[in-house]
Amino acid sequence: MVSPPFVFLTSAKSSLYHEIQVDACWVKKGGAFTGKVRLAIHRAAGPELRAACIPLQRFVLEFVAQKEKPELLRRAFKLPVSHVIYTIGPIYDIDNHPGVTLRNAYRNCIKLAKESNIDYIAFPAISCGVYGYPYEEAATITISTVMESDGDFKELNFPAPLLLISLYLRLMASKGGVGKHDYTNMVFKISSTSSLKIQRGDTTMWSVDGTSDAIVNTANEKMLGGGGLDGVIHAAAGPELREACYTVREVRLGIRCPKGEARITPAFQFPVSHVIHTVGPFYDNENQPDVTLRNAYRNCLKLAKESNIDYIAFPAISCGTYHYPLEEAATISGHIFTTTIVFRALTMALDGGGGGGNRGDGVKDFKLSMSSSLKIQRGDITMWSVNGTSDAIVNAANEKMLGGGGVDGAIHRAAGPELGAACYTVPEVRPGIRCPKGEAKITPAFQLPVFHVIHVVGPVYHVDNHPEVTLRNAYRNCLKLAKENKIEYIAFPALSCGAYGYPYDEAAAIAISTVMESHGDFKEVHFVLFEDDVYDAWLEKANALL
């Protein structure tokens with residue numbers, strides 16, 4: 001265990017000078033840095049630890065004169081570890097070269113531990129408290145220095161605040177792993193009977209006992225499945241989950257779970273007993289997103305407690321397409337978890353997590369304007385959604401609008417029979433024709449996770465005259481209708497590229513150039529493409545045009 005040795009400074013300053021200096025660390029009379037970490041360690045170890053430190057005062061004062069940083073190893077007494085290692089980190093805004101000093105603090109602790117045959121060592125976040133070291137810079141130095149140890153220890157632990165843990169995990173991931181050690185499965189005691197675990201992994205594979213465990217799903221307000229983690233959870237749980245969600249009472253039209261609230265269902269084909277569904281905030285779009293995010297976590301925990309859940313696993317709510325900054329989200333979740341002691345274990349699974357929207361496979365982002373982006377991705381358009389209230393998918397329909405093959409059939413099956421009934425009520429412009437080629441109509445989405453479906457009919461390439469004009473009109477009329485209905489997020493398939501035989505590269509050029517005309521009318525325009533060849537053609541054309 002590593003402790004900042006402020007105890008030395010407290011006693012030494014009163015007997016020698018009005019103020020003493022350790023490197024550039026001023027400790028003024030009556031205002032010594034005492035630090036919660038040091039106090040907690042001394043209280044837990046008992047008075048014997050302080051007594052053992054007193055003979056070292058002269059040794060510390062010699063280091064004061066030499067402007068160096070001591071690392072001291074003492075017995076831990078009543079602490080459950082065998083030793084305490086003392087080190088002094090830099091004050092970020094005062095010391096020259098604080099990065100060098102911080103790195104030396106970690107290196108010398110590791111060196112002293114190795115010389116003393118220590119197998120397991122736990123560090124606090126050195127200098128990240130009153131010494132003001134920025135978390136991200138400190139995390140970078142910490143991880144890179146620890147990686148130098150290269151197998152000298154069985155375990156190195158960082159019982160740091162959750163904010164730092166998220167940074168540590170992201171840094172470890174960016175380093176591509178560190179060989180023999182697993183730093184991505186961390187356990188923290190919340191109380192004598194409750195623990196917090198942070199790990200990388202697939203939430204859908206997590207379970208404890210199958211009877212009192214639950215995973216949290218980052219749903220949308222319709223609760224009928226979507227993209228990203230939401231879609232993965234629905235796919236893994238089987239169709240029964242969607243059916244159970246559909247029976248949840250709507251609090252208002254199309255809304256089963258408002259943002260910040262939570263609902264619970266059985267888990268069906270999952271290895272856990274329950275799924276808790278919650279909807280997090282859009283970071284850039286909402287007033288007080290921190291309040292909504294905090295409520296989302298709290299309501300999940302409240303619902304789990306009411307349902308006698310002992311073990312619960314969370315993804316990183318709202319940190320996906322909802323764009324919540326990782327550091328801020330980690331701070332909020334960390335505060336909630338560390339004040340919650342009613343569960344045997346809380347787990348944060350940091351892969352595959354959070355916040356609605358189908359990021360899809362191979363998603364590529366392109367800027368259309370300062371406020372609008374184009375996203376091209378592989379995936380199933382029937383699973384795509386963003387928020388369930390201002391999003392729409394485009395259906396490659398036929399002129400009758402009563403369902404058909406390909407994506408048209410898939411959308412009608414996923415939306416349920418209500419979609420066919422709604423399409424049937426669209427007036428015919430001539431016998432058997434509800435939506436002529438190049439035009440567009442809009443309906444509710446019913447059991448789909450989005451709010452609307454826009455139906456459009458593209459040209460048959462080898463039959464129609466001027467198919468390029470019809471295809472461009474199809475995209476334009478979809479965008480026009482979406483704008484009129486205040487749609488902010490829209491997803492297209494590759495219109496006319498299936499049975500209608502439109503060449504992929506020509507269709508991609510028309511689709512992307514037409515979308516570019518929208519000039520920021522939408523926050524996001526997606527192309528969700530099922531076939532690899534179509535995806536490659538769209539990506540190549542987007543790179544050329546954008």
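The chain has a mean pLDDT of 76, and 70% of its residues reach 70 or more. pLDDT is the predictor's confidence in each residue, from 0 to 100. Over residues 1-39 it falls below 50, though beyond near neighbours in sequence this stretch has 86 contacts in the model; a contact means heavy atoms within 4.5 Å.

Some ground rules. This is a predicted model, so local features need pLDDT of at least 70 and side-chain atom pairs count only at 80 or more, while totals for chains, interfaces and linings use all residues. Residues are numbered from 1 along each chain as its sequence is written, and side-chain values use heavy atoms, without hydrogens and water.

Now the aromatic pairs. Rings of Phe, Tyr and Trp (its six-membered ring) pair if their centres lie within 6.5 Å; planes under 30 degrees apart are stacked, over 60 edge-to-face, the rest tilted. The count is eleven.

Take Tyr92 and Tyr133. They sit edge-to-face, 4.7 Å centre to centre, with 65° between the planes. Tyr92 is in the loop between strand S5 and helix H5, and Tyr133 in the loop between strand S6 and helix H6, so the pair ties together parts 41 residues apart in sequence. Helices (H or I, at least four residues) and strands (E, at least two) are DSSP runs, numbered from the N terminus. Tyr133 is buried at 3% relative accessible area; Tyr92, at 23%, is partly exposed. Buried means under 20%, exposed over 50%, partly exposed in between (1.4 Å probe, protein chains only).

Last stop: Tyr475, Phe492, Phe527 and Trp538 form one aromatic cluster. Tyr475 and Phe527 are both buried.
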